[in-house]
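This report covers helix packing, charged side-chain pairs and some backbone details. Please look over the sequence and the structure before reading on.

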Amino acid sequence: MDLSLYMPEWLLTHGAAFLIALPLLMAAITAILPSRKFVWWTTSFITLILAVAALALAQFEVANGASIYQMGGWAPPHGISLKIDALSAPLLVLISAMALVTMFYAMPATLAEIEPKKRAPYYAAFLLCIAGLLGMVITEDAFNVFVFLEVSSISTYVLVALGSSRDRRALVAAYNYLILGSIGATFFVIGIGFLYMETGTLNMADMARILTELDGGSRVSMVAFGFIIVGLGLKLAMFPLHTWLPGAYAYAPTQVTSFLASTATKAALYLLLRFTFFVFNPDFAYVDAVLIFLIFGLGIVGMIFASLQAIFQTDARRMLAYSSVGQVGYMLLGIGIATTASLSAAYLHLINHAVIKGGLFLALGAMWYRFGITRVDDFRGLSRTMPWTMGAFTLCGFSLIGVPFTAGFVSKVALAQSAAAGGYWWAVGFIMISSILAVIYVGRILMIAYFRAPPEIDGKPCVRNEAPMMMLLPMWAMAVLSIAIGMNIFGASDILVGASERAAELLTGTPLTGIGG
């Protein structure tokens, strides 16, 4: 169903600004609401509006092409503009949809994890994080990218720290995240400063035009690109700049972990694509060198080493966090190859991984909610005590591995095909090795859950104690969606593959005519 046909004209006209303004304004109001239940209802309603609006605007973009919104009526490059195109539209839907899904889950989760007096500020920070992520994706102004990057980052530091009610290590994790995140933001804004020095503009389209006229620019442009890559590398947890991520994912509140795992690194990867292929150009010698020797190389290394680190983790949350670093490696591999097919596969894996990892962390949160489970050894007999929760975890785990008929299989095969078509046959071997390592660390949990007896309490085995329905529904939505993508039920795979191909074609300017396109 095309929602854009039913939306008011003003939303289609001003929707780009609406997606940012609504959560920013409501965050201030939410922070002072006295009723804790009303805070949840208000935030949930806002995320529902954002999800519907983002989907409608994405469908409108497919039907009518890219749209540029001029803030205050000032035309770019002198004015600030917001752009919804084939690259940004799917990310807008992903961010807003995951916000809605995790809000549904948050009703029981926050009761257990967040102190009552902190719930209003918690939801306010969550809305600010959403606004920052949406702003990063939608703005065409390079300095505003930095502003929204900081809005999302600062609110995320707060959200991670609020996990201290459950685990005091959240404060250390938030501090580490703050330090490394600030370093990353500093590198990024220095890079933007060098770009402004070279081009005299902050509009990304104008930057691209001027750099093309200068045939890549001088050493100033090279330095700018280097600073931007390092800054974004920290934000997207590119190996070895990922050290902040395991702690942040492990000790943050469950809703925050699921949302960040699905969106934060994905938004940073989007910026890497936007700056590398839109502002700069792979035809520039220094950009091509960075793609092949840095992005591609670190992608391969990250896939293997992060997966090895995941195997030896005793905490299930840290295991999935290191797995996320490895999965980022898959996406970097596709970006480094830099063909239309490889970029399409990387973009598809970006979306699929958001679904998979969101479902896994939601399931882990439910296990903690019922039994306080965080360690891998504590999964004993969980298939009998929490069968529905373990079922969702199992399906998402299979998808993470890349078992056939799952979302992970679809994007991993696309990555392998594009690598082989690009002449990187040996990279297919690393994709297979990383997937085998995923079998080990996911399989270890499944073996304990399905083939070991539940622990005993007072001499009696644990009885079945399933998660609340408001926790089960979101995690099963992710699990079912993963299978729907893998089996192309209701054309789910076709929709995502089509969106990924359109995004890749926009980046390269080359139609995807085959696997090696």
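The model is predicted: local features need pLDDT of at least 70, side-chain atom pairs count only at pLDDT 80 or more, and totals for chains, interfaces and linings use all residues. Residues are numbered from 1 along each chain as its sequence is written, and side-chain values use heavy atoms, with hydrogens and water left out.

**Helix packing**

Two packed helices are described by the angle between their axes and the distance between the axes. Axes here are lines fitted to C-alpha atoms, for helices over the stretch in contact, with angles from 0 to 180 degrees between N-to-C directions. Helices are DSSP runs (H or I, at least four residues), numbered from the N terminus.

Helix α13 (residues 340-371) and helix α18 (residues 469-487) cross at roughly 150 degrees, and their axes come within 9 Å. That angle makes α13 roughly antiparallel to α18 (over 145 degrees counts as roughly antiparallel). Their crossing is left-handed, a term for a near helix turned anticlockwise from the far one by less than a right angle. On the α13 side the contact (heavy atoms within 4.5 Å) includes Asn-352, Val-355, Ile-356 and Leu-362, and on the α18 side it includes Met-471, Pro-474 and Met-478. By class, the contact of α13 with α18 has 12 nonpolar, 4 polar and no charged residues. Ala, Val, Leu, Ile, Met, Phe, Trp, Tyr, Cys and Pro count as nonpolar, Asp, Glu, Lys and Arg as charged, and the others, Gly among them, as polar.

α13 also packs with helix α16 (residues 407-421), at an angle of about 160 degrees and with the axes 8 Å apart. α13 and α16 are therefore roughly antiparallel to each other. The crossing of α13 and α16 is left-handed. Among the residues that make this contact are Ala-341, Ala-345, His-349 and Asn-352 of α13, with Ala-407, Lys-412 and Leu-415 of α16. The contact of α13 with α16 divides into 9 nonpolar, 6 polar and 1 charged.

**Salt bridges**

Side chains of opposite charge can pair when their charged atoms come close. With a salt bridge taken as a side-chain nitrogen of Lys or Arg within 4 Å of a carboxyl oxygen of Asp or Glu, the count is 7. The table lists some of them.

| Pair | Closest N to O distance |
|---|---|
| Arg-209 and Asp-206 | 2.8 Å |
| Asp-315 and Arg-317 | 3.0 Å |

For accessibility, buried means under 20% relative accessible area, exposed over 50%, and partly exposed in between (1.4 Å probe, protein chains only). Lys-118 is partly exposed at 26%, as is Glu-115 at 30%. Asp-315 is buried at 8%, and Arg-317 is buried at 7%. Arg-209 is partly exposed at 39%, whereas Asp-206 is buried at 13%. Arg-209 and Asp-206 both lie in helix α7 (residues 204-213), 3 residues apart, or about one turn of the helix. A network of salt bridges links Asp-206, Arg-209 and Glu-213.

**Backbone details in loops**

The peptide bond from Phe-239 to Pro-240 is cis, with omega near 5 degrees. Pro-240 sits in the loop between α8 (219-235) and α9 (245-251).

Ala-338, a residue other than glycine, has a positive phi near 65 degrees. Ala-338 lies in the loop between α12 (316-337) and α13, and is partly exposed at 24%. Phe-405 has a positive phi near 70 degrees. The loop between α15 (387-401) and α16 holds Phe-405, which is exposed at 55%.

Conventions:
Helix = DSSP H or I, 4+ residues; strand = E, 2+ residues; numbered from the N terminus. Parallel < 35°, antiparallel > 145°, perpendicular 65-115°, else oblique.
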